[in-house]
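Below is a short briefing on one protein model, for a reader who has the sequence and coordinates at hand.

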2 protein chains.
Amino acid sequence: MDELPGAFGTSASLALRLGQTVFSSASLFFMCLDVEFYSYTAFCYLVTVMGLVIPWSVTLLAVDAYSVFVKWLPIQRRLILIILSGDMVLSYLSLAAACSTASVADIFLDAGGYDCPPKLCGRYQLSAAMAFLSWFLSSASCLFNLWLFPSL
Amino acid sequence: MDELPGAFGTSASLALRLGQTVFSSASLFFMCLDVEFYSYTAFCYLVTVMGLVIPWSVTLLAVDAYSVFVKWLPIQRRLILIILSGDMVLSYLSLAAACSTASVADIFLDAGGYDCPPKLCGRYQLSAAMAFLSWFLSSASCLFNLWLFPSL
């Protein structure tokens, strides 16, 4: 079988997973730098979703790194199906979290200091931007694996 | 070639398109019943996205209806690629719009009448729920077509 760049076990996939890990950790970091986020559903949701995305990305990063650098792992249909489902669910969740956070931060900025100083709001927006990047990479991984799947 | 239920030109696809048209129109209707939505970016975004989703769904509804009831249309690779790209972009946009609207409506409810009476907020939430349903069906169409694509 040809190797599809970006699908499970390739170096492109390793790069995608690395990006996901970095961006989702950055998003969580910017959101959690203070503990003000508890008051808003959208921010709590972002923290929850990033708490799911980070372990998932780290696990797959480790598996991909093993497959690229140590020993090539055979691609099994069932394994790809599990990875595919996880990626799809998590990419939808992180898009939803990013949009909610962005729109709530935007409302706060519009309201002109209603509840948050500009510095804090800027950090929420940065967190939303990182979540968007994480969604983008996660959705790319999902598409590559989905492309590979019917040929297995 | 086997016919894949839910892919372009089948009766399942016709049902999906019908659902998309109904839900996206309902979402636009509930949002536009008054003209208050102008003040908020998230609500304007929902209106814009639904203004794109409705003509797209109606067009594909017509094509599917023609293919099912009048004359079977041959499935071409290029056609499926166009439909697939459109569905994917629009499903991501409508998920983003639904999440933004839902989180902004939620903030308004939390703030306890800050800017909107409960009746109005309820309508915004209803609009977000309709946008979610429209996203769900649109994403189902996209997945069925994506599943069909590599076999063409």
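**Nonpolar cores**

In the largest nonpolar core, which has 42 residues, those touching the most other members are Phe43(A), Phe108(A), Phe43(B) and Phe108(B). A nonpolar core is a set of buried Ala, Val, Leu, Ile, Met, Phe, Trp, Tyr and Cys residues joined through side-chain atoms within 4.5 Å; buried means under 20% relative accessible area, exposed over 50%, and partly exposed in between (1.4 Å probe, protein chains only).

- At least two residues of this core come from each of helices H2 (41-70), H3 (77-110) and H4 (118-148) of chain A and H2 (41-70), H3 (77-110) and H4 (118-148) of chain B.
- A second, separate core of 32 residues includes Leu95(A), Ala96(A), Phe149(A) and Ala96(B).

**Basis of the model**

- The model is predicted: local features need pLDDT of at least 70, side-chain atom pairs count only at pLDDT 80 or more, and totals for chains, interfaces and linings use all residues.
- Side-chain values use heavy atoms, without hydrogens and water, residues are numbered from 1 along each chain as its sequence is written, and chains are lettered from A and ligands numbered from 1 in the order in which they are written.
- Helices are DSSP runs (H or I, at least four residues), numbered from the N terminus.

**Phe23(B)**

- Phe23(B) lies in helix H1 (residues 11-32) of chain B and is partly exposed, at 25% relative accessible area.
- Beyond its neighbours within four places in sequence, Phe23(B) is in contact (heavy atoms within 4.5 Å) with Met130(B), Leu133(B), Ser134(B) and Leu137(B).
- Phe8(B) is 15 residues from Phe23(B) in sequence and 20 Å away in space, C-alpha to C-alpha.
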